[in-house]
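Welcome! Let us walk through this predicted model together, beginning with a pair of helices and then turning to the backbone.

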Amino acid sequence: MQNQIILYNGPNSPFGRKTKATSLAQEIKLEEKIINVYEANFLDKHNPIRKIPTLVVNGLSIMDSDNICLYIDSISKKNTLFPKKNYWQIMTITSIANGLMEAVLERRMETIRPDKEKSTNFINKQETRIIRTIKWLEDNWNNYDKDYLTMDQIAIACALDYTMFRFNDKWRKSNLKLDKWFNSFIENDFMKSTQPREK
Ligand SMILES: N[C@@H](CCC(=O)N[C@@H](CS)C(=O)NCC(=O)O)C(=O)O
């Protein structure tokens with residue numbers, strides 16, 4: 001039986017983009033449904049945390065972007081994005097990229113709160129975390145291998161692009177190795193075709 005795979009996604013979610021880009025890179029066909037997660041009561045039966053991305057495979061729910069990417073990779077005939085030889089580095093860097101996405105998202109959510117509810121301290125903390133994390137990646141990450149695609153590469157590219165979308169692109173001037181890599185990585189079709197859809 002052919003798997004019926006539905007990806008509930010949002011228009012701009014960096015976590016969702018990571019999963020969609022992974023499905024394209026790994027040539028796994030799925031039906032993507034773009035939803036407004038804040039009104040998606042129906043999602044609770046698949047994922048009580050009510051977050052996107054959520055994947056439903058023949059009725060089985062798979063939640064959290066990392067689990068979704070692992071699942072997609074596990075059914076793909078392409079080279080694995082999680083090779084054994086540097087598995088733990090790839091997983092850890094992917095978690096760092098997730099943390100960057102989360103910091104950008106949390107900052108954004110805080111900035112759109114009504115003035116009386118906003119915390120400048122909270123916003124500053126997220127901004128410091130964003131800047132520190134990108135500099136850390138510049139200094140510590142060098143998995144720029146063009147000939148072997150890995151999960152950390154997709155995750156970092158989605159996180160950096162989301163940083164530019166919701167915060168700013170200042171990191172590009174002070175993190176030159178990362179910037180050079182990012183410039184060529186975003187030319188991949190799976191990156192080009194998954195850009196955020198709306199402001
Ligand atoms: N750890 C989750 C994070 C997913 C996440 O934070 N999704 C956000 C959108 S980018 C969401 O669904 N937010 C809805 C809400 O907080 O109510 C993952 O990796 O999938």
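Helix α1 meets helix α5 through Pro14, Arg17, Lys18, Ala21, Thr22 and Ala25 on its own side, and through Ile154, Ala155, Cys158, Ala159 and Tyr162 on the side of α5.

How do the two helices lie relative to one another? Two packed helices are described by the angle between their axes and the distance between the axes. Here α1 covers residues 14-25 and α5 covers residues 151-166; their axes come within 9 Å and cross at roughly 140°. That angle makes α1 oblique to α5, because the label "roughly antiparallel" is kept for angles over 145 degrees. The crossing of α1 and α5 is right-handed.

Now for the backbone. Most residues other than glycine have a negative phi, and most peptide bonds are trans. With that in mind, look at the loop between α1 and β2, where you will find Glu27. Glu27 is not a glycine, yet its phi is positive, at about 55°. Is Glu27 buried or exposed? Glu27 has 11 other C-beta atoms within 10 Å, so it counts as exposed.

Asn58, in the loop between β3 and β4 (60-63), also has a positive phi, near 45°, without being a glycine. Asn58 is exposed because 10 other C-beta atoms lie within 10 Å, and the cut-off for exposed is 12 or fewer.

One last stop is the loop between β2 (31-34) and β3 (54-57), which holds Pro53. The peptide bond leading from Ile52 to Pro53 is cis, and its omega is near 5°.

Technical notes
Residues are numbered from 1 along each chain as its sequence is written. This is a predicted model: local features need pLDDT of at least 70, side-chain atom pairs count only at pLDDT 80 or more; totals for chains, interfaces and linings use all residues. Axes are lines fitted to C-alpha atoms, for helices over the stretch in contact, and angles run from 0 to 180 degrees between N-to-C directions. Helices (H or I, at least four residues) and strands (E, at least two) are DSSP runs, numbered from the N terminus. Angles under 35 degrees count as roughly parallel, over 145 as roughly antiparallel, 65 to 115 as roughly perpendicular and the rest as oblique. A crossing is left-handed if the near helix is turned anticlockwise from the far one by less than a right angle, and right-handed if clockwise. Two residues are in contact if their C-beta atoms, placed from the backbone, lie within 7 Å. A residue is buried if 20 or more other C-beta atoms lie within 10 Å of its own, exposed if 12 or fewer, and partly exposed in between; C-beta atoms are placed from the backbone.
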